[in-house]
Amino acid sequence: MPDAGRPKSPLTLSSAERAALTHLASGPRTSAAMRLRSRIVLACAEGESNKDVADLLAVTPGTVGKWRRRFLRMGMAGLDDGMRSGRPRMVDRIQLGAVATTSMADSGHLPSTREIAATYGVSQSTVSRRRREELHRHRTGGGGLALHATQPAPPPSSENELLSDRVYEAIRGWILSGELAPGMRVVESEIARVLGTSQTPAREAVRRLAHEGLVTYRPRLGNFVTEISQVEAREAREVRVLLESAAARRATGNVPHAELDLLRIEVQRMTDAADHHDIGAFREADLRFHRQVLATSGNSMLLRVWRTLEPALWNLQVVSNAMYAGDWGLMARRHLDLIEVLSGTDPEDSARLFSAHARGESSITRPAGRHD
């Protein structure tokens with residue numbers, strides 16, 4: 001073990017780890033177990049012995065040693081229990097009752113078990129059982145939600161909204177607000193427990209966030225909130241400015257109408273993705289747009305360098321920052337200005353506009369990053 005023997009290996013924390021642990025130690029959504037583990041690691045980082053930490057937190061020295069060793073070996077990921085075996089948690093009876101109540105108020109009849117199962121990511125047999133339980137409780141006066149068509153229904157967030165969409169919005173909100181800090185593990189079972197869902201919608205939401213770049217999967221360890229090196233992002237952005245300004249300067253006035261139409265198609269795809277709040281599709285269309293601009297320059301070396309840098313531009317979110325908190329539709333429309341200047345006759349004007357765009361100066365974003 002990393003801390004076997006005497007003296008023990010020192011446990012030191014980075015500023016990011018200390019901030020994350022401090023948040024977990026008192027966070028309102030943090031489980032009691034995670035709060036305790038975070039406090040154990042924070043106390044150990046102060047140089048306290050296992051026995052002193054155990055006395056302070058009313059646990060055994062063995063418990064302190066366990067979580068100390070796991071943190072030394074795996075970092076923040078070591079504090080999670082990981083995916084538990086067995087069946088995922090069933091959908092709460094009240095949730096299914098609320099769905100039935102809403103549908104009866106709107107149409108006078110219960111929705112099918114297939115419809116509810118698809119909405120909540122569970123099996124039809126689970127829905128049938130929960131429905132029978134709820135109807136029985138109502139008929140026998142056992143409490144719970146009464147399934148009367150005249151009963152006021154809770155306002156649905158959206159008629160066609162899937163449960164995975166709501167889970168996605170919740171996790172994305174936690175990441176943007178910093179409640180899930182960079183480097184923290186995103187555990188599907190814990191998300192399902194907090195939000196009261198099965199693991200299926202949580203899994204779908206995490207995959208969507210991974211496609212957008214907000215979550216990173218690490219083999220054998222799990223999913224983590226993406227960490228971005230600000231130094232590397234700044235350096236990548238500087239190179240991007242040089243490449244795009246050079247490409248725009250060469251391409252201005254020389255772009256065939258067919259290639260301008262290709263750029264307009266990517267802008268439309270960005271607009272459609274923004275309308276559907278599909279940030280992953282937006283980022284892909286945005287990257288294709290700028291790759292096409294490099295291709296129109298007529299300099300094959302510029303395009304070759306761009307393609308070499310493209311994975312870093314995506315991972316560092318130098319093109320379309322997934323943390324952008326503004327109007328994605330407006331961001332899409334601003335690309336029309338880039339097309340217009342490319343079809344003009346002033347190469348230096350094009351270079352200036354593309355440079356500003358690459359630096360993110362044309363949008364209002366969070367202080368933590370730029371949009372594009």
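Biologist: To start us off, what does Arg 203 count as at 26% relative accessibility?

Modeller: Arg 203 counts as partly exposed, at 26% relative accessibility. On this scale, buried means under 20% relative accessible area, exposed means over 50%, and partly exposed lies in between (1.4 Å probe, protein chains only).

A word on what you are looking at. This is a predicted model, where local features need pLDDT of at least 70 and side-chain atom pairs count only at pLDDT 80 or more, while totals for chains, interfaces and linings use all residues. Residues are numbered from 1 along each chain as its sequence is written, and side-chain values use heavy atoms, leaving out hydrogens and water. The pLDDT is the predictor's confidence in each residue, from 0 to 100; its mean over the chain is 76, and 72% of the residues reach 70 or more.

Now to the pairs. Side chains of opposite charge can pair when their charged atoms come close. The structure holds 14 salt bridges, each being a side-chain nitrogen of Lys or Arg within 4 Å of a carboxyl oxygen of Asp or Glu.

Arg 203 has Glu 188 as a partner, with their closest N and O atoms 3.4 Å apart. Because Glu 188 lies in helix α9 (residues 188-195) and Arg 203 in helix α10, this pair ties together parts that are 15 residues apart in sequence. Helices here are DSSP runs (H or I, at least four residues), numbered from the N terminus. Glu 188 counts as buried, at 10% relative accessibility.

Helix α10 (residues 199-212) also holds Arg 208, whose partner Asp 165 sits in helix α8, 43 residues apart, so to speak a link between distant parts of the chain.

An α-helix has 3.6 residues a turn, so residues three or four places apart point the same way. Arg 240 is buried at 0% relative accessible area, and Glu 244 is buried at 0% too. Elsewhere, salt bridges that share partners join Asp 165, Arg 172, Arg 208 and Glu 212 into one network.

Note on methods:
Helices (H or I, at least four residues) and strands (E, at least two) are DSSP runs, numbered from the N terminus.
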